[in-house]
Amino acid sequence: MAPRLQLSGITKRFPGVVANEAVSFSVAPGEIHALLGENGAGKSTLVKIIYGVQKADEGEIAFDGRVVSIDSPREARALGIGMVFQHFSLFEAMTVLENIALGMDEPPPRRELEMRVREVLDTYGLRIEIVRALLQQLKLLIMDEPTSVLTPQEVEQLFDTLRRLASEGCSILYISHKLHEIKELCESATILRGGKVVA
C-alpha cells in the first residue's frame, strides 16, 4: 500500500537560512507520526509546505501514491489534509458555527452544518478548530503543538480522538515538545535538526 504522505528531498530556503534541506520521510495510512526537533529545526516550515501555505524550492510531495502540487491550503483541504495550528485562528465575536463555517471552502446550509457539527461533537467531544478539520473527510491531520492550551483531561480526550481517527485510517502528523505525549501517542517519529532529518 502506498504511503499516505511521502516527502522526497524537500528543500526550502529563506534569505540567509535553509529552513529545510532535502527532507524525506513518509507517513503510512492510519499512522500517528511525530515530527520532532527544537525550535528553529524546520518543523513549522515543513508542515506549512505540506498544507500549501508555503512552496518548497525543491523536492516533491506524493499523496496516496500520486505526486501532487499543493499551492494553497484550499488545495490541501481538497486532498483531505487538515491542519490545527498552534495559535488558533478563531474570531471572538462570532458564534461557534460561524467560526466553523469560516474555515470551510464550501460550507453547507446552516441547518445541515449545525447537524454535522453536533454529530462530530457527539462522536469526538472536541474543540472548535479540531471540529472544523474533522468536517472535511480527513486523510491526513497535521497538529502543531495542539496541547499547549489544554488541561490534562482535554489532552486525554484529544488523544482518544486521534487514536480513533487513526483507527479509521486517517494519518496524523504530530508536532510536540512534550516527549511524554509523543511516547504515549505516536508510533514513529522523524527528528529534524537544522532543517535536516537526523533520525
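What you see is a predicted model, in which local features need pLDDT of at least 70 and side-chain atom pairs count only at pLDDT 80 or more, while totals for chains, interfaces and linings use all residues. Residues are numbered from 1 along each chain as its sequence is written, and side-chain values use heavy atoms, with hydrogens and water left out.

R13 forms a salt bridge with E58, with 2.7 Å between the closest N and O atoms; the term stands for a side-chain nitrogen of Lys or Arg within 4 Å of a carboxyl oxygen of Asp or Glu. This pair links distant parts of the chain, since R13 belongs to strand β1 (residues 5-14) and E58, 45 residues apart from it, to strand β4 (residues 58-63). Strands (E, at least two residues) and helices (H or I, at least four) are DSSP runs numbered from the N terminus.

E106 sits in the loop between α3 (96-102) and α4 (110-124) and R74 in helix α2 (residues 73-79), so the pair ties together parts that are 32 residues apart in sequence. E106 is exposed at 66%, whereas R74 is partly exposed at 44%.

For a salt bridge within one helix, select R163 and D160, which meet at 3.4 Å, N to O; being 3 residues apart in helix α6 (residues 152-167), they are separated by about one helical turn. Then pick R4, D64 and K139, which salt bridges with shared partners join into one network.

Now turn to H33, which lies in strand β3 (residues 32-36) and counts as buried at 4% relative accessibility. Its side chain makes polar contacts with the side chains of S188 (3.1 Å) and T190 (2.7 Å); such a contact is a pair of N or O atoms within 3.5 Å, where within protein one must be able to donate a hydrogen and the other to accept it, and residues adjacent in sequence count only if both atoms are side-chain atoms.

Finish at strand β6 (residues 81-84), where I81 and M83 on one side and G82 and V84 on the other are all buried.

Terms used
Buried means under 20% relative accessible area, exposed over 50%, partly exposed in between (1.4 Å probe, protein chains only).
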